[in-house]
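Here is a report for a reader who is meeting this structure for the first time. Please look over the sequence and the model before reading on.

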Amino acid sequence: MTQTTAMPVIPLSPDQLIHVRDANSSNEWWRSSVIYQVYPRSFRDSNGDGNGDLPGITAELGQLAELDIDAIWLSPFYPSPQRDGGYDVSDYCAVDPLFGSLDDFDALVTKARGLGIRIIIDLVPNHCSSEHALFKAALEAPAGSAERNMFIFRDGSGPNGEFPPNNWQSHFGGSAWTRITEPDGSAGQWYLHLFDSSQPDFNWDNPAVRAEFERVLHFWLQRGVGGFRVDVAHALVKAPGLPDWGGRADGCSSEGFPGWEAPMFGQPEIHDIYRSWRGILAQYDGEPILCAEASIDPLERLTNWVRPDQMHQTFNFAYLSTAWNAWALRGVIDSSLRTFDTVGAPTTWVLSNHDVLRHATRFGLTAETSRPGDGIGPEDAQPDLELGRRRAGAASMLMLALPGGVYLYQGEELGLPDHTRMPSEYRQDPSFARTGGARLGRDGCRAPLPWRADGAALGFNDSGAAWLPQPEEFAGLSRDLQRADDNSMLSLYRRALDLRRAHHLGAGSMDWYLPFQDSACVAFINNGVLVLLNMGEADIDLPPFAVLLSSDPDAPFLRKLAPAQCAWLDLGTVAGDDMA
Ligand code: NOJ
């Protein structure tokens, strides 16, 4: 492995650099971690029922260890009617038989630990499933009862309570309120659900709800989990009186409705909950962490979730949603590092997850093919797959060179695109049904992984059954083919992850490299590695340092970087010396 020398072999003058941050000397693993998201239902199916499962994940841990990851984040595997991909939990302390058993979970944690991989699980505290015993009890109990007080029940407005209590909208479309039938058969109260009607929101003003989730935290911490990714971590507490809100249902700012005024998001009392959880985690060995899934803007506000006494990480969605544009990318990287540094928290970079178009698809969209909303369907203009793949590899290389934590979504290391021609009858995302098909939803990024080019369901299992269809393109992108190909996306990820560790890039420093600052090339230096991402239309001449890694196989020979390619150069080695 090439070692970094502290001093560039060709001195850089101070006017070539803008310093953003120093390297970080902390040993805390989560400040520079690589965490790989597994969406269990689509990862690997061990029993051939068409649904991925926990034994399937355990069986393939060796493949993930090859990526040199620090942890796996498991999307929900709890008992659930699966109305929202398991984010509708009916029992927080068990495993859905669809995915296996608690013994399977323990076996996964044990084997992962042996490979140096932590298992982080998904905690869904804002809402549960309407099949949860607590909600069923609330439906059977009278208005005003302790059982109802676990949730947010209100009388309706209008002379007969026939209208929802306020105008809040569900993330998935339609009203955020559903009216129940009381046990005596009369039309009754309404309950709040910021998501699907099958996902009633808990009442976090009630200490009994807090106690219940403390129990859940202890249950899993005692089983050795490495922490929790906290679902909609900005929504738990609602503003007193539940005032009307005409802004976006996801709490992000829109014209006339700044996100910080949204009454269902980012309420100040929420932070006390996380302070108490941080205290609970601190009672356990192994530095378990909390990572917030919080759609909060601007970044200055988001840092409230990662102050030293609260969560360790929060996803940087501003980065994820940045377009393919050098000026925008430089801007979001610069403001993210500077802003998170003000509270001593790492920036946690992410490009894909189970809720968005995979970045190999997103970056293949042009102004003409972009479609508002989520999902792409057979009727839509299709993305340019080749462009998307090239840009995705380059964008991932850039991300892996940034200081801070990184989240990878299963399959991005294979360069997988979304299934953009999925027939409607397969769609399961509640937003599809709740909007009458106007929103296609997120099923396209959840198709089962291709493991073997010649296997049933491309090696997802041995039976060929699959809960969602796989797109044609997956056949040429299977893991076995890519493992055998030195120029594959998988090989690029493996080399990048290796070098990231060898050069301590996750805990690294950051200086903008000014010779490219006015161009469409993003250029920065981290711990002696010069990173260049060409987001323009023309080739770029490489500075005279040796190429450590490049998404463009010709770059080291031609000394040029083609459009939509990324290169890492070693400031400690002169170009040419590497070729000797
Ligand atoms: C965020 C999750 O990532 C998403 O999949 C889910 O639908 C919502 N939260 C509701 O739990």
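Predicted model: local features only at pLDDT ≥ 70, side-chain atom pairs only at ≥ 80, totals over all residues.

The protein chain is divided into domain 1 (4–22 + 509–575), domain 2 (29–129 + 206–489) and domain 3 (133–192). Between the C-alpha centres of domain 1 and domain 3 there is a distance of 58 Å.

Two or more lining residues come from each of helix H11 (385–400), helix H14 (489–502), strand S17 (545–550) and helix H15 (555–558). By class, the lining of the second largest pocket comprises nine nonpolar, six polar and eight charged residues. Because domain 1 and domain 2 both contribute residues to this lining, the second largest pocket lies between them.

**Enclosed spaces**

Rolling a probe the size of a water molecule over the atoms shows where empty space is left. In this model the count comes to three cavities of 30 Å³ or more, and two of them are set out in the table.

| Cavity | Volume | Lining residues by class |
|---|---|---|
| Largest cavity | about 100 Å³ | 11 nonpolar, one polar, one charged |
| Second largest cavity | about 70 Å³ | three nonpolar, three polar, seven charged |

The largest cavity, with about 100 Å³ of space, is lined by 13 residues, of which Tyr319, Leu329, Leu351, Phe363 and Ala395 are the closest to its centre. Helix H8 (317–320) and helix H11 each supply at least two residues of this lining. The second largest cavity, with about 70 Å³ of space, is lined by 13 residues, and the closest to its centre are Asp84, Gly85, Gln428, Asp429 and Arg446.

**Helix H9**

Leu329, one of the residues closest to the centre of the largest cavity, is also among the buried residues of helix H9. Helix H9 (residues 326–341) has 16 residues and spans 22 Å from its first C-alpha to its last, which is close to the 22 Å expected at 1.5 Å a residue. The buried residues of H9 are Ala326, Leu329, Arg330, Val332, Ile333, Asp334, Ser336, Leu337, Thr339 and Phe340. At the start of H9, a side-chain oxygen of Asn325 comes to within 2.9 Å of the backbone nitrogen of Trp327.

**Details of the backbone**

Which residues other than glycine have a positive phi, as Leu242 does? Leu242 has a phi near 45°, and Arg559, although it is not a glycine, has a positive phi of about 60°. Leu242 is found in the loop between strand S8 (227–230) and helix H6 (270–281), and it counts as buried because its relative accessibility is 9%, under the 20% limit for that class. Arg559 lies in the loop between H15 and strand S18 (560–561), and with a relative accessible area of 21% Arg559 is partly exposed. Elsewhere, the peptide bond from Asp297 to Pro298 is cis, with omega near -10°, and Pro298 is found in the loop between strand S9 (289–292) and helix H7 (299–302).

Key
Residues numbered from 1 in each chain as written. Heavy atoms only, no water. Helix = DSSP H or I, 4+ residues; strand = E, 2+ residues; numbered from the N terminus. Expected span 1.5 Å × (residues − 1). Buried < 20%, exposed > 50% of the residue type's maximum accessible area, 1.4 Å probe, protein only. Polar contact = N/O pair within 3.5 Å; in protein donor to acceptor, adjacent residues only side chain to side chain. Nonpolar A, V, L, I, M, F, W, Y, C, P; charged D, E, K, R; others polar. Domains from an automatic or database assignment. 1 Å grid on protein atoms, 1.4 Å probe; cavity = no way out; pocket = protein on both sides within 12 Å on 5 of 7 lines; lining within 4 Å. Points joined across faces, edges and corners; volume = space filled by probe spheres on them.
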